Amino acid sequence: MTEVSLPGIEWGQQGSTSASIAGAVYDPTSHKLYILGLWTQPEIADRLYVFSVNDGSGTNPPFDFALSPASSSLKVMQSNSITNTITSTLSTGTTQNVSFSASGLPTGATASFSPTSCNPTCTTTMTIQTLASTPVGIGTITVTGTGGGATQTITFNLDVNYRGDINNDGIVNSIDWSIMNAHWFTNNAQSDINHDGIVNSIDFSILNSNWFKGG
Ligand SMILES: [Ca+2]
Ligand SMILES: [Ca+2]
């Protein structure tokens with residue numbers, strides 16, 4: 001509740017209950033309800049209360065939202081997947097269902113969202129899957145959210161590295177081999193380059209085939 005100053009009306013003392021409603025007027029143009037309170041104590045001036053009213057005539061601001069990615073830059077090997085959490089924040093209006101899509105993906109890469117839509121404020125987990133044939137290099141991924149008459153986009157960078165660049169530093173070298181060797185005969189996902197459930201000589205042969213690539 002707010003109060004406004006009008007000519008001839010002074011503020012009364014707060015906290016008193018010795019008042020009565022003298023009248024109420026609703027202005028449909030400004031969507032405000034004016035109530036005049038009369039005070040029984042002569043030393044306290046009458047008071048005008050002003051309420052903003054939602055009368056369903058469309059005075060509410062339209063639905064809108066903002067998107068933000070948890071990470072502005074992601075690195076992923078070929079034939080691997082990476083996730084980014086996308087937060088959709090309610091900006092104005094009543095929340096509506098927003099569905100997500102991705103564009104700008106490198107060749108062979110696909111994106112999925114879980115959930116595929118949600119009502120802001122909410123988050124969705126975006127997963128990008130690359131193929132062994134997905135070209136290495138840095139690209140810009142665009143995420144678009146659409147719903148309730150509003151559309152918003154955000155972008156982030158995706159850096160695709162050669163298979164075998166386990167630490168995603170842009171080159172396949174002895175550091176990657178050290179990481180693989182430390183996970184030898186385990187099911188470590190990052191070192192299991194062919195995703196067959198075990199880190200072994202097959203993975204090393206893939207790493208070896210890209211030796212010093214990307215440098
Ligand atoms: Ca590396
Ligand atoms: Ca393997």
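Predicted model: local features only at pLDDT ≥ 70, side-chain atom pairs only at ≥ 80, totals over all residues.
Biologist: How do strands in a sheet pair up in general, and what order do the four strands of the open sheet take here?

Modeller: Strands of a sheet pair through backbone hydrogen bonds, in either a parallel or an antiparallel way. Here, the open sheet runs β5-β7-β11-β9, with antiparallel pairing. β5 (64-69) and β9 (110-114) are the edge strands, since each pairs on one side only. From one strand to the next, the twist averages 25 degrees.

Biologist: Let's zoom in on β9. How many bridges does β9 share with β11, and what stands opposite F113?

Modeller: Five bridges link β9 to β11 (residues 122-129), and the two are antiparallel. Opposite F113 you'll find M126 of β11.

Biologist: Now I86. Where does I86 sit, and is I86 buried or exposed?

Modeller: I86 lies in strand β7 (residues 81-92). A residue counts as buried if 20 or more other C-beta atoms lie within 10 Å of its own. I86 has 23 of them within 10 Å, so I86 is buried.

Biologist: Which residues does I86 touch, leaving out those up to four places away in sequence?

Modeller: Among them are L67, F100, T124 and M126. Take T124: I86 and T124 are 38 residues apart in sequence, yet 5.3 Å apart in space, C-alpha to C-alpha.

Biologist: F100 is on that list. What is the bridge partner of F100 in β12?

Modeller: That's G145. Five bridges join β8 to β12 (residues 137-147), running antiparallel. β8 (residues 98-103) also joins β10 (residues 117-118) by two bridges, again antiparallel, and there V98 partners C118.

Technical notes
Residues numbered from 1 in each chain as written. Chains lettered and ligands numbered in written order. Pairing = 2+ DSSP bridges. Buried ≥ 20, exposed ≤ 12 C-beta atoms within 10 Å, placed from the backbone. Contact = placed C-beta atoms within 7 Å. Axes fitted to C-alpha atoms, helices over the stretch in contact; angles between N-to-C directions.
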